[in-house]
Amino acid sequence: SLAKEGIEISILTCQTGEEIYSLFGHDALRIVDYKKHTDYVYDYGIFSFNEPNFILKFLNGELKYSVGKQSFQRFLIGYSKENRAVYEQVLNLSESSKIQLKDALELNLLPENKYYQYDFLKDNCSTRLRDLLFTLDEVDSVSINLLSKDRTYRENLNDHLKYHPWLKFGTDLLLGQTVDQKMLASEDMFLPYRLSVHLHQLNLINGDHLVSNQRLLIKSKKINNEGVQVTPWFVFLMLLGFSIIAVVFMPKLANVLFLLMSFVLGILSLILLYMWFFSVHEVCALNWNLIWVSPVYLIALFKKSRLTMSLLLYLN
């Protein structure tokens with residue numbers, strides 16, 4: 001058992017939630033100082049929906065996140081209300097490393113240091129904790145990448161989206177070729193759950209395991225997410241069937257339908273082009289969905305604008 005003296009540092013891994021921003025889970029770092037009788041959680045996932053131009057900044061990759069500090073009890077109460085399980089992994093670090101981590105976190109809390117430019121895959125609440133641990137000399141951060149990895153970013157993301165088919169469709173549409181590359185083990189730590197898995201595989205330079213103990217702090221009530229959902233495939237198949245019927249029996253309606261579809265696909269292509277060339281999201285580059293979601297649809301639609309108006313007037 002751990003002696004209740006000095007400093008204890010642990011990683012808190014929080015279960016996924018129901019809100020979009022919580023679908024991939026969350027993690028934070030807990031520091032208990034038994035001499036000073038303090039118990040705080042340091043959290044790199046702080047952001048505000050009230051940020052001016054929130055959606056535009058998020059799309060551009062310019063949304064600022066920050067590190068925050070709160071009491072451990074307050075942190076637990078928040079996740080208990082959301083019915084999200086919280087696991088704790090106690091780290092087997094020397095006192096000097098613990099002090100180094102605590103000092104680094106307190107330095108990051110200063111107003112001039114607390115904000116950082118969020119990147120969903122490369123710079124988030126998980127990667128920040130990973131990088132902090134890798135700054136410690138006693139952590140063997142090199143050998144972790146010697147492990148063979150056969151996963152991609154997209155596969156890891158899709159694991160969390162299996163009950164959210166439309167969000168999965170949206171991410172598959174928006175993200176480019178980068179997310180299909182095989183990851184190093186250190187890159188695989190970009191999600192909270194994957195970070196917790198790899199922490200068990202990390203060792204110290206002296207050969208000891210990095211994680212000395214794991215415990216469940218909050219147990220969630222199981223929620224059945226496997227209800228019947230209207231999936232993109234179902235909608236697209238229905239649309240295909242309706243289009244075939246319209247072509248055979250209602251050619252004028254079919255023309256209007258195809259023009260509307262051209263408009264939707266054309267607008268989507270502009271969004272994909274914007275995310276590729278104008279946002280700072282590197283994961284949206286090299287998006288070959290533009291082969292079928294093409295701006296060509298808008299060009300064709302523009303040329304047929306007079307026909308569109310005449311058909312709409314005819315149907316009305």
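Reader: Is threonine 152 buried or exposed?
Author: In this predicted model, threonine 152 has a relative accessible area of 6%. The cut-off for burial is under 20%. Threonine 152 therefore counts as buried.

Reader: Where does threonine 152 lie, and with which residues is threonine 152 in contact, leaving aside its neighbours within four places in sequence?
Author: Threonine 152 is in the loop between helix H4 (125-134) and helix H5 (153-159). With neighbours within four places in sequence left aside, its contacts are Val179, Asp180, Gln181, Lys182 and Met183.

Reader: Which residues touch the most other members of the largest nonpolar core?
Author: In soluble globular proteins, nonpolar side chains tend to be buried together. Here the largest nonpolar core holds 33 residues. Those touching the most other members are Tyr44, Leu91, Leu93, Leu199 and Leu210.

Reader: Which element gives the most to this core?
Author: The elements that give two or more residues include strand E1 (7-14), strand E2 (26-33), helix H3 (95-108) and helix H7 (192-199). H4 is also one of them. The most, four residues, comes from H4.

Reader: With which residues is leucine 199 in contact, leaving aside its neighbours within four places in sequence?
Author: Leucine 199 is among the core residues that touch the most other members. Leaving aside neighbours within four places in sequence, its contacts are Ile11, Gln89, Leu133, Leu210 and Val211.

Reader: How many residues are in the other core?
Author: Another core lies apart from the largest one. Its members include Leu161, Leu175, Val179 and Met275. Val179 is also one of the contacts of threonine 152. The size of this other core is 14 residues.

Reader: How many residues apart in sequence are the parts tied together by aspartate 33 and lysine 102?
Author: The two side chains meet in a salt bridge at 3.2 Å, N to O. Aspartate 33 lies in strand E2 and lysine 102 in helix H3, so the pair ties together parts whose separation in sequence is 69 residues.

Reader: Are glutamate 106 and lysine 69 buried or partly exposed?
Author: Their side chains form a salt bridge of 2.9 Å, N to O, between helix H3 and strand E4. Relative accessibility is 29% for glutamate 106 and 37% for lysine 69. Values between 20% and 50% fall in the middle class, so glutamate 106 and lysine 69 are partly exposed.

Reader: What is the relative accessibility of aspartate 188?
Author: Aspartate 188 meets arginine 194 in a salt bridge of 2.9 Å, N to O. Arginine 194 counts as buried because its relative accessibility is 17%. Aspartate 188 also counts as buried, at 0%.

Key:
Residues are numbered from 1 along each chain as its sequence is written. This is a predicted model: local features need pLDDT of at least 70, side-chain atom pairs count only at pLDDT 80 or more; totals for chains, interfaces and linings use all residues. Side-chain values use heavy atoms; hydrogens and water are left out. Buried means under 20% relative accessible area, exposed over 50%, partly exposed in between (1.4 Å probe, protein chains only). Contact means heavy atoms within 4.5 Å. A nonpolar core is a set of buried Ala, Val, Leu, Ile, Met, Phe, Trp, Tyr and Cys residues joined through side-chain atoms within 4.5 Å. A salt bridge is a side-chain nitrogen of Lys or Arg within 4 Å of a carboxyl oxygen of Asp or Glu.
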